[in-house]
Amino acid sequence: MLQFKLVLLGDSSVGKSSIVHRFVKDTFDELRESTIGAAFLSQSITIHPNDGNETKDVVIKFEIWDTAGQERYKSLAPMYYRNANAALVVYDITQEDSLQKARNWVDELKNKVGDDDLVIYLLGNKVDLCQETPSTETSPDSNEGGDEEQKVRAISTEEAKQYAQEQGLLFREVSAKTGEGVKEIFQDIGEKLYDLKKDEILSKQNRQIGGGNNGQVDINLQRPSTNDPTSCCS
Amino acid sequence: MAFQDQDIFIVFSHASLFLNQNDLLSLSLTSKKMHDMIAIPRLYSNIHITKNPVLRTNKWFLDGGKTYVSGYRSVLKTGDKNDIFLYDRIERLLETSHLKCIKQLTIDEDLFHNREEGLQLLQRLVNEITDLDVIESLDIKDPTLFELCSAKYYRLSSLKKRVVYGETGFDGIKLWQNFKSLKWQLPESLDLQNVIIPEVGVMLMKQLNGGELEIKDEAYSSLRVFEYFDSLNLRFKNLRRLKLNHVHKQGDGSATSMRLSSRAFKDVVNLSNLKALELEFSCEVDDCECDDDFLQDITGNLVSLTSLGFIEKTFTKKGYHYMDEKWDLVVNKFILNLPNVSKDLRLLSIRHDPPLNGKGIDTVDGNLLRRKKLYEKVLPKLTSLETIIAPTVLQSITSYEMYACDLLWNGCKCAFCSKYLPLFDKYIMNHQYFSTPDARYLDIIPIVFAAYTGKSLAKRFDPQKNWDLDLLQYAPEDTTWNFHGFERIHHFASYECYFDESSFEPLATIISHFFYPYMNYLIKILPNLRQTMLSGIYFSVSPELHTYETIYD
């Protein structure tokens, strides 16, 4: 099993904790309270990489650091993202300034985290607020309501997508409330991380199998043989 | 405020001394007066920054009277996760407008996994506190942090408890007002003549009248200080508490290693006024009995002693049964010869110096029996004893194989132990440790398992690093063991190991049950016993009912 550290960053109330809870527990709480400090959760996924001829499932465990988005916790941010393998930078598609806040987080990550392999995923949350419900499609009265819902969107998909492309980020719009796109985020990250770390992982496995470790000896405790003539159990 | 109101607030104020920080927070929400006059001053008055949260219970009082600022309360956590919580909490403390209410601040050692960043934050906190110059006790246990803050620390004028390191520590003594407690840490190569000039000596004599002195000598030769004091004709006539360390080392030709001698010590300190004495000592030299001679020389003068602590310190003879037995004999003989010991002695602390993995020399079962009989002869005489502190007693007992096996296989038969003991049996069957003397991995035998357990339980109180006599003034930390580490503990490659920190809680309970027969004995022979701490297991005793209970396990 591979283990990766994943952090969530973004402005307050954009839905970071809701995304995590949808992924880990498959639940959604309309009245979730603000996160204080940090919360730690973990969840595993399985990916199916195709390494050469052999296809083998790989289990990836995410150690998820769900951080508080409030300004007062800003000074803790470097402690959160230190040694992270992936970062979900979340914004609220209904809040005009939240993409700018997300951009600031991306800048900070790029400037302060030296790791080129850090996977950054830009996420626009709350798409459910901007989608027409099935009933609005059939009812003329509700259509007005549906139009109103449509007006809630403050950040267009194109704008965010273009920014993500420029910065080399993964991008997706999701809904923690309905679960739309949430599982796919972690699947994407798992596959991307495996791809990035594949060589390192395979060479480590080979070292363990071959017993060679650049001249160093890996200690692998085996039970003592009962045929040992000096053993009292022989 | 009305006259009646004042009276009731005095009562509330006194009652609030028994509340812990959670209760004080609840109290602060009841009224503005309670908030302003009682809860806030009390919450900020005494702050202790610890790495791990403390164990809390409604059964006892150790977590009262202090506000603990600690890390992440979780059984499974990593160092960086603990850092986040601790860092955040200290940041919040720095934001408060009540820093001037802080009268006592204790900062433990090695608080942060990310040491560099942590030290910067702690330095900021200490700077804020020292700038206010109202603090009465600032205990910085981390030597690096102390070094970073020492210039400001030594300029503080209101400290009642002081710590002095190195050669320049006493330079500002003229500015220090009313300190009553001094902890002096001496480097091995210190030239006393450069540090204690007669003027400093006179100040010490004056200020420590009715106070306490701790001498922690890196060379384990504290008695050299008293010889020097004697040469300056300095006399401490009314010292109340004294702690010192001294070891007569084998084959150590250094100038600082010397026999334990009472000559100057008895002249310099008026022993008849001492209320508390804690000695860290031993004599490792073959055919030398200077420790016994020293203690016998001073015992008759200690007529006011109510608290007594002993710490065994060994260098070349760690884990030698005959060394430990001799040390026990010296200690017990000393106790028996104390004037009025049955009537006066309230607190006794004894800490041995067992090896990390518990494996000693000559540790056959009969040898422990002899040591046990010695204590069985002495302890019943201490009829006024209220508190027993034995930080290493688990290792002292289980260094002898039969007793370690009792713990795992022949001890408690209750439903709880019957359920969990087989799991720990499985643990030792599947794990090995690296024995440096043997240069190979060896099976974890019961002695080794018990020793590692004792060492892990000691983490509950070890960060305090002050007097053993004061250990019951600190709430124990909520610490665990992941069943690996220490001496490179590994499990067999074919064994799927599920042992981690979450397995530690039942082990602590098992150890508390292991002590039940010992507690049964103690409450029978000591009619006034109220509390014990045995290797990190805390017991509260009801002397009236002759019953006891474990507090945290």
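Helices, as I use the word here, are DSSP runs of H or I with at least four residues, numbered from the N terminus. The model I am reading is a predicted one.

**Entry: a pair within helix 7 of chain A.** I looked up A:K198 and found that it forms a salt bridge with A:D195, with the closest N and O atoms 3.5 Å apart. I then placed the two residues, and both belong to helix 7 of chain A, residues 182-210, where they sit three residues apart, about one turn of the helix.

**Entry: the interface of chain B and chain A.** I asked how many salt bridges the rule finds across this interface, and there are two. One that I looked up joins A:E63 to B:K81, whose closest N and O atoms are 3.2 Å apart. For the contact itself I noted 23 residues of chain B against 19 residues of chain A, and between them the chains bury about 1900 Å², 60% of it on carbon and sulfur atoms.

**Entry: helices 4 and 5 of chain B.** I took helix 4 (residues 79-95) and helix 5 (residues 115-132) of chain B, which pack at an angle of about 20 degrees with their axes 10 Å apart. Because angles under 35 degrees count as roughly parallel, I record the two helices of chain B as roughly parallel to each other. Their crossing is left-handed. Helix 4 of chain B contributes B:Y87, B:I90, B:E91, B:L93 and B:L94 to the contact, while helix 5 of chain B contributes B:E117, B:L121, B:L122, B:R124, B:L125 and B:E128. Sorting these contact residues, I get seven nonpolar, four charged and no polar.

Terms used:
Residues numbered from 1 in each chain as written. Chains lettered and ligands numbered in written order. Predicted model: local features only at pLDDT ≥ 70, side-chain atom pairs only at ≥ 80, totals over all residues. Heavy atoms only, no water. Axes fitted to C-alpha atoms, helices over the stretch in contact; angles between N-to-C directions. Parallel < 35°, antiparallel > 145°, perpendicular 65-115°, else oblique. Left-handed = near helix turned anticlockwise from the far one by under 90°. Contact = heavy atoms within 4.5 Å. Nonpolar A, V, L, I, M, F, W, Y, C, P; charged D, E, K, R; others polar. Buried area = accessible area lost by both parts, 1.4 Å probe. Salt bridge = Lys/Arg side-chain N within 4 Å of Asp/Glu carboxyl O.
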